[in-house]
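This report goes through the domains, the overall dimensions, the sheet and the chain contact of the structure shown here.

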There are 2 protein chains.
Amino acid sequence: MNQEYPSILLERAVSEFAKLPGVGRKTALRFVLHLLRQDDRYVQQFTQAVSKLKEEVRYCCNCHNISDTELCPICADPRRDRSTVCVVENIRDVMAIEATQQYRGVYHVLGGIISPMDGIGPSDLTISLLDERLQQGDIKEVVLALNGSMEGDMTCHYLYRKLLPHKVLVSEIARGISVGDELQYADEVTLGRSIIHRVPFEGANN
Amino acid sequence: MNQEYPSILLERAVSEFAKLPGVGRKTALRFVLHLLRQDDRYVQQFTQAVSKLKEEVRYCCNCHNISDTELCPICADPRRDRSTVCVVENIRDVMAIEATQQYRGVYHVLGGIISPMDGIGPSDLTISLLDERLQQGDIKEVVLALNGSMEGDMTCHYLYRKLLPHKVLVSEIARGISVGDELQYADEVTLGRSIIHRVPFEGANN
């Protein structure tokens with residue numbers, strides 16, 4: 001370990017924080033100095049919340065979202081449409097879609113996306129669980145709602161091939177120009193896709 | 001607790017991370033999901049490094065910098081000039097000044113600056129320890145190297161009054177235009193100070 005600080009304890013704590021995504025050593029040191037300034041109870045609360053989550057976290061047995069109950073509140077809600085399953089990467093995306101209040105189906109949380117660069121393959125995700133859900137036969141549509149990155153596209157294609165034998169409708173969320181955005185600033189791929197996937201004008205209904 | 005997530009454990013961990021300086025709830029969730037993806041040992045290492053630092057951290061008995069030894073490496077170094085003491089807010093500033101390789105004296109780490117807004121008064125800092133060091137009589141100059149904020153200025157003025165009876169030379173680091181900066185973009189206060197505190201041209205020596 002390349003020791004930069006006059007204390008190995010400090011060095012270790014900074015190194016651990018610097019492993020967090022988007023955190024460099026300067027920010028990590030800022031976090032550590034902040035924690036050092038707080039009282040013992042505060043720091044105890046911090047570390048306990050993290051260990052407790054890691055040790056006791058549970059996932060919904062149906063959609064694999066993080067949940068304190070065996071069936072998450074969304075899967076347990078009788079008003080949700082169980083024939084439509086939206087496949088997302090993680091709980092953040094569930095929350096983002098829920099915030100729109102436009103989706104009444106249920107979810108399937110993959111727990112990541114296929115990314116050979118990070119050593120994440122299909123077996124690291126909950127794809128076999130999705131397979132099991134489809135074998136039960138109640139599902140009519142699977143909506144792929146993954147990030148528009150290369151890894152997201154790769155995962156979509158993989159899932160599409162996996163889903164073919166189940167004879168369900170496979171859809172994906174629409175890509176296009178953001179509401180309120182100016183065309184001239186949109187990237188060409190997005191603008192191109194938004195023209196190819198144009199939809200009937202709904203002005204009369206709004 | 002306003003529960004936004006489907007898990008109280010997740011909620012708690014996110015709330016703890018969101019208390020860190022500059023971390024909002026979205027970033028906190030990103031950190032927490034990152035930790036959840038890692039194996040148990042990784043998370044254990046993380047929480048242990050934090051608790052261990054908090055429980056076992058030691059401060060140099062002379063300058064109050066974080067140190068694993070009773071006397072920090074800088075205070076213990078016989079080549080350092082003990083008659084010059086540079087007063088800084090925290091270990092980050094010690095490291096920043098050390099990185100310049102322009103200072104051969106020793107330090108005094110305040111552990112913060114006077115900030116009535118945050119409830120930090122002179123008694124929360126190591127000012128009485130600085131007083132004790134000065135009473136030993138070996139110190140000839142005290143260099144104030146605090147941030148140029150309102151709180152930094154307030155602390156400088158407080159320290160100056162405290163230091164007066166000791167009859168030591170009190171200096172402060174020079175404020176001015178950064179090396180390489182263009183004058184037209186400098187703020188007026190800094191530019192003004194850099195004119196008032198102009199120094200003899202050293203071009204011939206460089």
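## Domains

The C-alpha centres of domain 1 and domain 2 of chain A lie 33 Å apart. Domain 1 covers 8–56 and domain 2 covers 81–173 of chain A; domain bounds come from an automatic or database domain assignment.

This is a predicted model, in which local features need pLDDT of at least 70, side-chain atom pairs count only at pLDDT 80 or more, and totals for chains, interfaces and linings use all residues. Residues are numbered from 1 along each chain as its sequence is written, while chains are lettered from A and ligands numbered from 1 in the order in which they are written.

## Fold and dimensions

Chain A holds 8 helices and 4 strands, where helices (H or I, at least four residues) and strands (E, at least two) are DSSP runs numbered from the N terminus. Their order from the N terminus is α-α-α-α-β-α-β-α-β-α-β-α. Chain A is more spread out than a compact globule, because its radius of gyration is 22 Å, well over the 17 Å that the globule rule gives for 206 residues. The radius is taken over C-alpha atoms, and the rule is 2.2 Å times the number of residues to the power 0.38.

Along the principal axes, the C-alpha atoms of chain A fill a box of roughly 65 × 45 × 35 Å. Of the 206 residues in chain A, 30% are buried (20 or more other C-beta atoms within 10 Å of the residue's own, with C-beta atoms placed from the backbone).

## The sheet

Four strands of chain A form an open sheet in the order E2-E1-E3-E4, with parallel pairing; two strands pair if DSSP finds at least two bridges between them. Strand E2 (105–109) and strand E4 (169–172) of chain A are at the edges with a single partner strand each, so one side of each has no neighbour in the sheet. The twist averages 25° from one strand to the next.

Strand E1 (residues 81–88) of chain A pairs with E2(A) in the parallel sense over 5 bridges. Asp81(A) stands opposite Gly105(A) in E2(A).

## Contact between the chains

Chain A and chain B each give 39 residues to their contact, with two residues in contact if their C-beta atoms, placed from the backbone, lie within 7 Å. On the side of chain A that touches chain B, helix H1 (8–17), helix H2 (25–37) and helix H3 (40–56) of chain A are the elements that give two or more residues. H3(A) gives the most, with 12 residues.

Methods: A residue is buried if 20 or more other C-beta atoms lie within 10 Å of its own, exposed if 12 or fewer, and partly exposed in between; C-beta atoms are placed from the backbone. Axes are lines fitted to C-alpha atoms, for helices over the stretch in contact, and angles run from 0 to 180 degrees between N-to-C directions.
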